[in-house]
Amino acid sequence: MLSRDTEAESKLLEVLRDNFARNERTGVHLTSLLEPRMSYWKATIPMPPTDAEVGFFSAGRGHEDAVQKLLGTDFKETEESEVFGIHLRPDFEAISDRVIPSGEYAEFKTRRSNLPKTDVEANAVMMTYRDQLRGYMALKGRNRMWLIVLSLVEGKDRKDPLSQSRPVFAVYREEMTEDERIEMLVLLMQMNDKLKAAFVNGDPFHLPLCTKWKCVRSVKVGSTWVKVPVCKWYNNCKPGDIEEDRRC
Ligand code: SF4
């Protein structure tokens with residue numbers, strides 16, 4: 001007989017939580033500069049990953065590791081490097097020409113569903129991914145880089161009971177001009193200075209807010225939509241003081 005062992009589940013989550021916390025990186029990373037407010041709070045008021053975060057991290061990391069193993073003759077993991085005091089590590093470097101040109105970088109992401117239908121939509125809704133790629137490109141002096149997205153349950157249409165979901169890979173190429181790279185580099189270096197100043201002054205309130213969906217979400221209670229905090233540091237950060245539609 002199979003029975004769910006909730007005690008072992010709790011222990012598993014705690015071990016994963018511990019290990020994720022132990023793997024926290026040191027130094028200023030590119031991703032810290034893309035969400036400087038959250039980076040500030042993470043460093044000054046550390047909070048353990050929630051159960052949901054442990055699940056998402058494990059799923060993302062597990063797929064990345066599996067894909068890297070399956071593509072072991074075509075991609076290798078990159079080493080972390082530091083450019084202008086900013087640490088970075090794109091996920092993969094191509095070592096064959098079978099998928100993307102050898103020597104080029106690729107970043108791997110998983111998402112649950114909702115791949116954009118067009119490139120125009122992709123440019124808008126994948127802005128968070130794009131910012132990360134464009135940061136790598138600016139720091140590494142590259143004019144192109146690839147994004148590999150594994151969307152896990154693509155294709156299910158609630159209105160069509162016969163539709164079925166399946167995992168779908170989507171590969172995108174991001175390109176930048178030299179002027180765009182210089183502009184991005186300047187922005188990153190300025191943000192690095194601002195983040196350092198926030199730590200020195202103990203004042204994060206001049207740092208830009210994160211993407212809105214990381215702050216608050218709307219839930220329907222009866223017939224009314226209300227906003228609820230998503231971020232663990234919502235009460236410290238008070239984003240509603242800056243933007244009305246982030247107020248809960
Ligand atoms: S409350 Fe919003 S702006 Fe502040 S750290 Fe969290 S996500 Fe970022």
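## Notes on the predicted model

1. Phe84 sits in the loop between strand E2 (81–83) and E3. The model is predicted, so keep that in mind while reading on. Phe84 has 11 other C-beta atoms within 10 Å and is therefore exposed, since the limit for an exposed residue is 12 or fewer. Its backbone deserves a look too. Phi of Phe84 is near 50°, which is positive although the residue is not glycine. Most residues other than glycine have a negative phi.

2. Asn114 also belongs to a loop, the one between E5 and helix H5 (119–125). Phi of Asn114 is near 65°, again a positive value in a residue other than glycine. Is Asn114 buried or exposed? Asn114 counts as exposed, because 11 C-beta neighbours lie inside 10 Å.

3. Next, the division of the chain. Domain 1 covers 9–205 and domain 2 covers 209–248. Their centres, taken over C-alpha atoms, are 23 Å apart. The contact between them uses 7 residues from domain 1 and 7 residues from domain 2. On the side of domain 1 that touches domain 2, H3 gives the most, with 3 residues. That side of domain 1 is made of 4 nonpolar, 1 polar and 2 charged residues.

4. Now the largest nonpolar core. It has 34 residues. Which of them touch the most other members? They are Leu33, Ile86, Ala106, Tyr136 and Leu195. Domain 1 (9–205) and domain 2 (209–248) each give the core at least three residues. In soluble globular proteins, nonpolar side chains tend to be buried together.

5. Leave out residues up to four places away in sequence. Ala106 then touches Phe75, Asp91, Phe92, Ala94, Ile100, Trp146 and Ile148.

6. Leu30 lies in helix H2. Why does Leu30 count as buried? Leu30 has 22 C-beta neighbours inside 10 Å, and a residue is buried at 20 or more. Beyond four places in sequence, Leu30 touches Ile86, Leu88, Gln132, Gly135, Tyr136 and Leu139. Lys220 is another matter. Leu30 and Lys220 are 190 residues apart along the chain, and 36 Å separate their C-alpha atoms.

7. Two packed helices are described by the angle between their axes and the distance between the axes. For H3 and H7 the angle is about 35°, and the axes are 10 Å apart. The crossing of H3 and H7 is right-handed. Pro36, Ser39 and Tyr40 are the H3 residues in this contact, and they meet Met191, Lys194, Leu195 and Ala198 in H7. By class, the contact of H3 with H7 has 5 nonpolar, 1 polar and 1 charged residues.

8. Leu150 lies in strand E6. Leu150 is partly exposed, because 19 C-beta neighbours lie inside 10 Å and a buried residue needs 20 or more. Leu150 and Lys109 are 41 residues apart along the chain, yet their C-alpha atoms are separated by 6.3 Å. Not counting residues up to four places away in sequence, Leu150 touches His63, Thr110, Pro167 and Phe169.

9. Thr177 is found in the loop between strand E7 (166–175) and H7. How many other C-beta atoms lie within 10 Å of Thr177? There are 9, so Thr177 is exposed. Thr177 and Ser218 are 41 residues apart in sequence, and 38 Å apart in space from C-alpha to C-alpha.

10. Lys156 has 11 other C-beta atoms within 10 Å, so it is exposed. Lys156 and Arg166 are 10 residues apart along the chain, with 8.0 Å between their C-alpha atoms.

Definitions and conventions:
Residues are numbered from 1 along each chain as its sequence is written. This is a predicted model: local features need pLDDT of at least 70, side-chain atom pairs count only at pLDDT 80 or more; totals for chains, interfaces and linings use all residues. A nonpolar core is a set of buried Ala, Val, Leu, Ile, Met, Phe, Trp, Tyr and Cys residues joined through C-beta atoms within 7 Å. Domain bounds come from an automatic or database domain assignment. Two residues are in contact if their C-beta atoms, placed from the backbone, lie within 7 Å. Helices (H or I, at least four residues) and strands (E, at least two) are DSSP runs, numbered from the N terminus. Ala, Val, Leu, Ile, Met, Phe, Trp, Tyr, Cys and Pro count as nonpolar, Asp, Glu, Lys and Arg as charged, and the others, Gly among them, as polar. Axes are lines fitted to C-alpha atoms, for helices over the stretch in contact, and angles run from 0 to 180 degrees between N-to-C directions. A crossing is left-handed if the near helix is turned anticlockwise from the far one by less than a right angle, and right-handed if clockwise.
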